[in-house]
Amino acid sequence: MNQITGEQFILGCSAIGAGLAVIAGIGPGIGQGIAAGHAASAVGRNPGAKSDITSTMLLGQAVAETTGLYGLVIALLLLFVKPLV
């Protein structure tokens, strides 16, 4: 019977944690889609405010994307930086 070593356990938990961290990209994707849809409908109602609506939407999407990027950074750290091994 094979035993799991401490190093193997840590590597396995790091891989699971990295997968969970990447799930953080789902929220920003949904939020950005909703924001773009609302911005498109706002431009349709008021075409004269297109530049203001677009700049506000892009700023909001940039802020929302930071959550997904933090999740990606954490996943990469868990996969490639192994301080406990």
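In this predicted model, glutamine 61 has a relative accessible area of 17% and is therefore buried, since the cut-off for that class is under 20%. Glutamine 61 belongs to helix α3, and, when residues up to four places away in sequence are set aside, the residues that glutamine 61 touches are Gln32, Ala35 and Ala36.

On the α2 side the contact is formed by Pro28, Gln32, Ala35, Ala36, Ala39, Ala42 and Val43, while α3 contributes Lys50, Ile53, Met57, Gln61, Ala64, Glu65, Thr67 and Gly68. Sorted by class, the residues of this contact are nine nonpolar, four polar and two charged.

The largest nonpolar core has five residues, namely Ala39, Ala42, Ala49, Ile53 and Met57. The elements that supply two or more residues to this core are α2, spanning 26–45, and α3, spanning 50–80.

Helix α1, residues 6–22, also packs with α3, at an angle of about 170° and with the axes 8 Å apart; because of that angle, α1 is roughly antiparallel to α3. Here α1 brings Ser14, Ala15, Gly17, Ala18, Ala21 and Val22 into the contact, and α3 brings Gly71, Ile74, Ala75, Leu78 and Leu79. By class, the contact of α1 with α3 comprises eight nonpolar and three polar residues, with no charged ones.

| Helix pair | Angle | Axis separation |
|---|---|---|
| α1 and α3 | about 170° | 8 Å |

One further residue of α1 deserves a look: is glycine 19 buried, partly exposed or exposed? Glycine 19, which is found in helix α1, has a relative accessibility of 39% and so counts as partly exposed. Although glycine 19 and leucine 78 are 59 residues apart along the chain, their C-alpha atoms are separated by 9.5 Å. Leucine 78 is itself among the α3 residues that make the contact with α1.

Terms used: Residues are numbered from 1 along each chain as its sequence is written. This is a predicted model: local features need pLDDT of at least 70, side-chain atom pairs count only at pLDDT 80 or more; totals for chains, interfaces and linings use all residues. Side-chain values use heavy atoms; hydrogens and water are left out. A nonpolar core is a set of buried Ala, Val, Leu, Ile, Met, Phe, Trp, Tyr and Cys residues joined through side-chain atoms within 4.5 Å. Buried means under 20% relative accessible area, exposed over 50%, partly exposed in between (1.4 Å probe, protein chains only). Helices (H or I, at least four residues) and strands (E, at least two) are DSSP runs, numbered from the N terminus. Contact means heavy atoms within 4.5 Å. Ala, Val, Leu, Ile, Met, Phe, Trp, Tyr, Cys and Pro count as nonpolar, Asp, Glu, Lys and Arg as charged, and the others, Gly among them, as polar. Axes are lines fitted to C-alpha atoms, for helices over the stretch in contact, and angles run from 0 to 180 degrees between N-to-C directions. Angles under 35 degrees count as roughly parallel, over 145 as roughly antiparallel, 65 to 115 as roughly perpendicular and the rest as oblique.
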